[in-house]
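Have a look at the sequence and the fold, then read on.

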Amino acid sequence: MDTERGLEQSGTLERGLAVLEHVGQHQEISTNAIARQLGLSRSAAYRIVGTLKKLEYLEADSVTGRVRLGTRLVELGARAMAATDLHRCAPRYLASLAERSGETTYLAVPDNDAMVYVATERSASAVTLACRLGTRRPQHATSLGKAWLSALPEPDRLERIRRMKLDSLTLKTIIDPGRLLDDLAKASRRGWAIDDVENEPDVGCVAAAVRDHSGRPIAAISIAGPAQRVLRRVEELGATVAGTAAALSLRLGYVRSR
């Protein structure tokens, strides 16, 4: 078939994806059958399947040798579903949080050592802030970033802080790794983090992590506004944002063990 000859001559990525889709359609299949049905040479099919098995995108039955989709694909699928659910569900939680707090609320997701702002809602009385969607802010200087970091397992948190570049953005930015780890430990215990004018002058924020069904932190939500307003109500707003983050996490399938 022309499509089969085209696949044989296509790039490695295209052939690898074609193999994954074919295995997914058949649930379990031999490598020889993959080669025959997709029009690949046996050597190409075995090479592609071997690479995908090594990367855990495929796994082989110990008795039959037939391959099926691996744990890595299951993990990626779960993450994709959680991300889709997050962006679909978050706006109403942010809107409710903005109304209750009277301030601006944000949703941000991690990207290397930064948080990327992906959604926002404002109350009628909120002050307009400079942060726009798509903006990247360093994790160590924002309540969103510190909330996400504080929700990581402690070994992961330590490793990240040790390699992170702690730039000073305001006079109050925490740039000492030891102090930052202490601050994150406090945030982990109480369930929410504080930005005490550490990212922008005169702006205060509180934030809490959002978790997926496995308990992994995948995002954070915050309440932000003029420092004199937000930080005066820090305990109240911290508990409020933590409750909202917990409700959103529950909506995404996370059930906290007792």
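## Starting at one threonine

Where is T135 found? T135 sits in the loop between β4 and β5 (136–138); strands here are DSSP runs of E with at least two residues, helices are runs of H or I with at least four, and both are numbered from the N terminus. T135 is buried, with a relative accessible area of 16%, since buried means under 20% relative accessible area, exposed over 50% and partly exposed in between (1.4 Å probe, protein chains only). Leaving out residues up to four places away in sequence, T135 touches M115, V116 and Y117, where contact means heavy atoms within 4.5 Å.

## What kind of model this is

This is a predicted model, in which local features need pLDDT of at least 70 and side-chain atom pairs count only at pLDDT 80 or more, while totals for chains, interfaces and linings use all residues. Residues are numbered from 1 along each chain as its sequence is written, and side-chain values use heavy atoms, with hydrogens and water left out.

The protein chain has ten helices and eight strands. Of its 258 residues, 45% count as buried. Take the contacts with a separation of 6 or more: 57% of them link residues 24 or more positions apart.

## Helix α2 and its partner

Helix α2 (residues 12–26) has 15 residues and reaches 21 Å from first C-alpha to last, close to the 21 Å expected (1.5 Å times one less than the number of residues). Its buried residues are R15, G16, A18, V19, L20, H22 and V23. Just after α2, Q27 takes a positive phi of about 70 degrees.

α2 packs against helix α4 (residues 42–54) at an angle of about 80 degrees, with the axes 10 Å apart; axes are lines fitted to C-alpha atoms, for helices over the stretch in contact, and angles run from 0 to 180 degrees between N-to-C directions. The two helices are therefore roughly perpendicular, a label for angles of 65 to 115 degrees. R15, G16, V19 and L20 of α2 meet A44, R47, I48, V49 and L52 of α4.

## The nonpolar cores

A nonpolar core is a set of buried Ala, Val, Leu, Ile, Met, Phe, Trp, Tyr and Cys residues joined through side-chain atoms within 4.5 Å. The largest has 25 residues, and L86, L107, V210, I221 and V241 have the most contacts inside it. α5 gives the most to this core, with six residues.

A second, separate core of 22 residues includes Y106, M164, A193 and A224.

Technical notes. Parallel < 35°, antiparallel > 145°, perpendicular 65-115°, else oblique.
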